[in-house]
Amino acid sequence: MPPSHARSDGVTAPVKRVLLVVRQPGNTRVLDQAVREIGMAATTASSQDEMAQALAAIDEPNIALVDASGFGPGLWPLCEQLHESGVPFVVMSASRDREAGDQSLAYGAARVVEKPVAKEALLQLLRSLSQ
Amino acid sequence: MDKANRTTRSLEPEVQLPDRVSTGSAGLDDVLHGGLLARRRYLLRGGTGLGKTTLGLSFLTAAGEGETSLFIGFQEPEDELRANAYSVGIDVSRVNFLSLSATEEFFTEAAAYDVFAASDVEQAPMINAIVEAVDRLRPSRVFVDSLTQLRFVSADLAQFRKQVTSFLRFLTDRGATVLFTSESTAEVPDDDLQFICDGIIELEHGTSSGVLSIRKFRGSDFRRGKHQFRVDRDGFEIYSQVLPPPQQLIDTAPEQLVSGNRDLDAMLHGGIEAGTVTLLTGPTGIGKSTLAGMFAAEAARVGRRAAVYQFEEELNGWLTRLRALDVEVDTPRNDGRLVLEQVEPLRYLADEFTNAVRERAATDHLELVVIDSITGFTMALGAENESNRPLHGLVKTLARLGVAVILINENRAIVEATQISESQVSYIADNVIYLRYQETGAVMEKTMGVLKKRLSGFDSRQRRFEIAAGGIHLTDIEDESEGTCHQATREATA
């Protein structure tokens, strides 16, 4: 049963879940902390296999956040899989890697953001995309 | 204070602090005319390795009974800070540490991140930790090392300035006197911090040591100029520039100190006066140190106290020569009336030495001080690039204290037209006694004379002299041809 939290009208709403697909542990840590701060839950994966397992294990994430760093060409099949799963996803890429950003959109990314991103702006994006 | 009052006045410090707060360094307190003003913010600036952290630790350990002190560090872990403090003799057992430096896990667990700016990740936990520590400890002294680190977790410069102002206010409102450091570089200057603070203590590398200066001190006067300091096993030691005390006007003639040689004292119309500076000048080996030793020994013999600071010659050799001339040096040395010190090269900083001599002059009631020599003073104290400032400050101070000072000056040329000094110190001198070699046929004779004496007349004739058992033997120069030298001397004086 997915976790839930009480809304102001007293109705219990399920907690939004974010799938963090990130290779760099430091980024996983700070992103995990950030999504928890706004009451969302996080599931982490650092490879396509782990991502596939996570997608199979959890009911359905509301949204996925992909850090492009460290995946190389492996980023595209990963994006394809997310797209095919119907999970909206945001790709974070280094500012110098504009090509990866553009291509991510072609592979179905809902949005591409450049790192570092303002924390508040990213959280707001996650909120709106997870509606 | 009852509990109700304590509640309503929660921002008052737990302990009533004095208006002045010691920095932990007596020398710096002296420069600051008594210490820092309580509950203010002070910036401690300076490059790496100059001793900012040591001074900060001294400040914290100067906390009195009932006071609490807090070290907020962004760079070094607590155990390293404690070990460093111990190595310079500072006991930090009563200091509280809040270390916000990165742990090794940041590296080993690959904790680095690049998705957010540091301000989004680091700032909040850092501020929470500081607020928690300050609210828990209520420190009256806080040292922040360094505030520049806050800049790196601030979104922009405007945010940084606001945060620093607010942070410092947070600390002082809770009763703390704050000392903080900065790391100023060309890329990241700390001008903004200089405006925010109430005072600036600047540490720099000087020519022979570190130097400290006060650039700003709101609400207080302070001693200006650059003051030498050192950091060693005794911690942070600063030596303020010796400044002469105000002159006391007197209406009686000063006492005279004599050499004990009747003819020489007669040339000086009785001797050299207390509170004057005498320059004893001449080439090497002519007898300047011996002559000064005679003045010192005679002063001690008649019950005065004298000190000789020997920078060049070994004291043993100097004493042996004086004993050979039947000058009594051992008795007054043993009973403390004649103080002798061999000043080893680079043992003292110039201001450290001048402070020590001033203190000894006051506590031991010295009436005569011999500095042997000016060149040795500047070389041994590493003061060669400081012009004559330390020497000038010292001799003026001693003179104002009523001490007669003899400065020995060595002229390089063996046989030369009369020259007072190559060190440009003659302006300090009230009296000038010159010694010189003079070629007389195949013989190199020694002559001496008095060139200047401010407080009395003097015999301006040049005399031939020898140093032998019994001291100095003076004879008149009768040869007319030698009058040329006499004339040259007069011209030099004019």
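Predicted model: local features only at pLDDT ≥ 70, side-chain atom pairs only at ≥ 80, totals over all residues.
Q: How is the size of an interface expressed, and what area is buried between chain A and chain B?

A: The size of an interface is often given as the accessible area lost when the parts come together. Here about 1100 Å² is buried between chain A and chain B, with carbon and sulfur atoms giving 60% of that area. A:Arg29, A:Val30 and A:Lys119 supply 36% of the area that chain A buries against chain B, more than any other three residues.

Q: How many residues of each chain are in contact, and which elements of chain A give two or more residues to its side?

A: In this model, 17 residues of chain A are in contact with twelve residues of chain B. Between the two chains the count is one salt bridge, in which the side chains of A:Lys115 and B:Asp114 meet at 3.1 Å, N to O. Six residue pairs are in polar contact across this interface. On the side of chain A that touches chain B, the elements giving two or more residues are helix H1 (25-37) and helix H5 (119-129). The largest share, seven residues, comes from H1(A). Sorted by class, this side of chain A has nine nonpolar, four polar and four charged residues.

Q: Which residues have the most contacts inside the largest nonpolar core?

A: The largest nonpolar core has 39 residues, and those with the most contacts inside it are B:Leu291, B:Leu368 and B:Ile406. Helix H12 of chain B, residues 288-301, gives the most to this core, with eight residues. Leaving aside residues up to four places away in sequence, B:Leu368 touches a set of residues that includes B:Leu257, B:Ile272, B:Phe295, B:Val403 and B:Ile406. Among the other residues that B:Leu368 touches is B:Arg305.

Q: Where does B:Glu122 lie in chain B, and why is it classed as partly exposed?

A: B:Glu122 lies in the loop between helix H6 (118-121) and helix H7 (123-137) of chain B. B:Glu122 is classed as partly exposed because its relative accessible area is 28%, and that class falls between the cut-offs of under 20% for buried and over 50% for exposed.

Q: Which residues does B:Glu122 touch, not counting those up to four places away in sequence?

A: B:Glu122 touches B:Tyr113 and B:Val153 under that condition. The side chains of B:Glu122 and B:Tyr113 are joined by a polar contact of 2.7 Å. B:Glu122 and B:Leu150 are 28 residues apart in sequence, and their C-alpha atoms are 9.6 Å apart in space.

Definitions and conventions. Residues numbered from 1 in each chain as written. Chains lettered and ligands numbered in written order. Heavy atoms only, no water. Helix = DSSP H or I, 4+ residues; strand = E, 2+ residues; numbered from the N terminus. Buried < 20%, exposed > 50% of the residue type's maximum accessible area, 1.4 Å probe, protein only. Contact = heavy atoms within 4.5 Å. Polar contact = N/O pair within 3.5 Å; in protein donor to acceptor, adjacent residues only side chain to side chain. Core = buried A, V, L, I, M, F, W, Y, C linked by side-chain atoms within 4.5 Å. Buried area = accessible area lost by both parts, 1.4 Å probe. Salt bridge = Lys/Arg side-chain N within 4 Å of Asp/Glu carboxyl O. Nonpolar A, V, L, I, M, F, W, Y, C, P; charged D, E, K, R; others polar.
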